[in-house]
Amino acid sequence: MAVTQNQITNTAADGSANAVVDRLEPRGHSQRRGATGTPFTFALGVATIVSMAVLVLFGLFLSPADVTQGESVRILYIHVGTVWIAYVAFGVTAISSGMFLWKRTSSLVWDRIAGASAEVGVLFMALTLFAGAIWGRLSWGKFWVWDARVTTTAFLFITYVGYLAVRGLGGSHQQRGRRSAVVALLAVLEIPLVHFSVRLWRGLHQEASVAGTTKVKLENLMLFSLFVALISFTLLYVWLVMHRQRVLAMQDTLDDKGLDFALAARRAETEPVLESAEDV
Amino acid sequence: MLRVAALIAAKDLRIEVRSKVVTNQVLPFAAIVMVMFAFALDTDEVVERVAPGLVWLATLFSLLILVQRSFAIETADGATDAMRAAGVDPAGIFLGKAIALAAQLAVLEFVLLITAVVLYRAELHAGGVVLLVTTFVAATCGLALVGTLYGGLAAGVRGRETLLPLLLLPVVAPVLIGATRATEAALGTRGALVSDGWPWLGLLVVFVALFGVGGTLAFGPLIEE
Amino acid sequence: MDDIGFILATYIATFVGSVGLAWHYLRRGRRLAEQLPPEDKPWI
């Protein structure tokens, strides 16, 4: 069966067909809003924005400055929020990778969740390190300190970047999934190793005591701001991962379809020749 | 699995003996790195203080090249694919290549140690020999295992090899920390005592155990194409 | 107060980063969705 020109360049045909349909039928929610949205994510998005607004209100204005740290404690609301999400994202990536590799539950959906979570995680790791550096500058006068937690977070950030690079290596979706899943799980193995090595290492040096002044006395409003931060960033994380996962799903489908169309086009090139040979 | 490993290790080492890439290229590279450290760090006191660290840094940089080489010989003729298609146990391939890599690393580290004694005036003394030898053995095994694992991942298709340093160097950070501290203890650098070094050796052993098992399990899925 | 500058910078960077990523995802989604028929978008 010959493949028509329209089927190969399907956007042209579908575009015009959709335009006719749209005028006749009411459009669904996500068609109006853009493609990865659903009523649920819309509600989630609204909740996130509201939550963030509350966070800014309390974090920057309504909560008091700390007794010892002064205004710099306001950074901690952001910093703790982002580091919480960064580690949750890493955990989700690791678990999804495991689910992908385990024969009984293997599905590309897990691979896409792992990838989406890692991307969001990289952003939040970067924000964590940034906010942490600023906070360190304000509290101790240094942008950086070589203690276990900070170093492990930086290590995790680099590892994530490497993980995303591995996802971009190409090949089939299954290959991508397998490679990156293994990398993610190996990273899980390394994290405690790195943390422990740095802890042991810095334990030798007196300078480690600088990191000891991180105790913050949290009173009611400050604790509340912290909770708002945790909630806001969790909502944001879920929203981002859901959208990203759907984008990845569409990408994968398009890749597959692209291959199908390319194969069909190739077949179309050869078939007419056969037909004419039969005629003869 | 062990028989496969022995065969693969022998093959890799035979290729090395015939091509002499390590002796002619990697060792000189490592030596130059050691010299450049001295250029960069300027004063004798500084260089002597950090000598153990420099030895391990030079080892790590050379490891990148050794791993690339180890897998270049596979992908040149599609050897790994052929072995897998023939049903060769991937765990055996993993261990075999790791053993060969470890042997090459051992030679490299020995030369670097001598270089450190000569260039940086590092001092070996009898009390630290046991610690020194066990540290080098443990670190070598750890580096060989991890190198082979990530080498397998990064090998082959163009655009993948450049990924190796980014993936491998963060992973070997615990080895760098542990091996350097243990070596400092063994050599008595900066007044370190030999007894200080044993916890670090413990860390290295844990590393070897984790990646020995993890690598053996992970290598199969990784080279599946 | 110098501190306030740093604090605001942190909040702004965080929101710019988050909103930027969100915007990027939404745009990618819209562009991809134009090329796919509804049966390929099971979440709708």
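Helix 5 of chain A and helix 6 of chain A are roughly antiparallel to each other. Helices here are DSSP runs of H or I with at least four residues, strands are runs of E with at least two, and both are numbered from the N terminus. This is a predicted model, in which local features need pLDDT of at least 70, side-chain atom pairs count only at pLDDT 80 or more, and totals for chains, interfaces and linings use all residues. Residues are numbered from 1 along each chain as its sequence is written, chains are lettered from A and ligands numbered from 1 in the order in which they are written, and side-chain values use heavy atoms, with hydrogens and water left out.

Two packed helices are described by the angle between their axes and the distance between the axes. Helix 5 of chain A covers residues 73–101, and helix 6 of chain A covers residues 108–140. Their axes come within 7 Å and cross at roughly 155 degrees. Axes are lines fitted to C-alpha atoms, for helices over the stretch in contact, and angles run from 0 to 180 degrees between N-to-C directions. Angles under 35 degrees count as roughly parallel, over 145 as roughly antiparallel, 65 to 115 as roughly perpendicular and the rest as oblique. Ala, Val, Leu, Ile, Met, Phe, Trp, Tyr, Cys and Pro count as nonpolar, Asp, Glu, Lys and Arg as charged, and the others, Gly among them, as polar.

Now take chain A as a whole. Its secondary structure comes to nine helices and zero strands. Of its 280 residues, 43% are buried, meaning under 20% relative accessible area; exposed means over 50%, and partly exposed lies in between (1.4 Å probe, protein chains only). Among contacts in chain A with a separation of 6 or more, 79% join residues 24 or more positions apart; contact means heavy atoms within 4.5 Å.

Helix 4 of chain A runs over residues 39–62. Its 24 residues should span 34 Å at 1.5 Å a residue, and its end C-alpha atoms are 33 Å apart, which agrees. The expected span is 1.5 Å times one less than the number of residues. Buried residues in this helix include Thr41(A), Leu44(A), Thr48(A), Met52(A), Leu55(A) and Phe58(A).

Helix 3 (residues 44–75) and helix 6 (residues 129–154) of chain B pack at about 40 degrees, with axes 10 Å apart. They are therefore oblique to each other. Their crossing is right-handed. The contact residues divide into eight nonpolar, five polar and no charged.

Most residues other than glycine have a negative phi. Lys20(B) has a positive phi of about 55 degrees. Lys20(B) sits in the loop between helix 1 and helix 2 of chain B. At 42% relative accessibility, Lys20(B) counts as partly exposed. Asp42(B) also has a positive phi, near 70 degrees. Asp42(B) lies in the loop between helix 2 and helix 3 of chain B. Asp42(B) is exposed, with a relative accessible area of 61%.

Chain C has one helix and zero strands. Its C-alpha trace spans about 55 × 15 × 5 Å along its principal axes. Buried residues make up 39% of its 44 residues.

Terms used: A crossing is left-handed if the near helix is turned anticlockwise from the far one by less than a right angle, and right-handed if clockwise.
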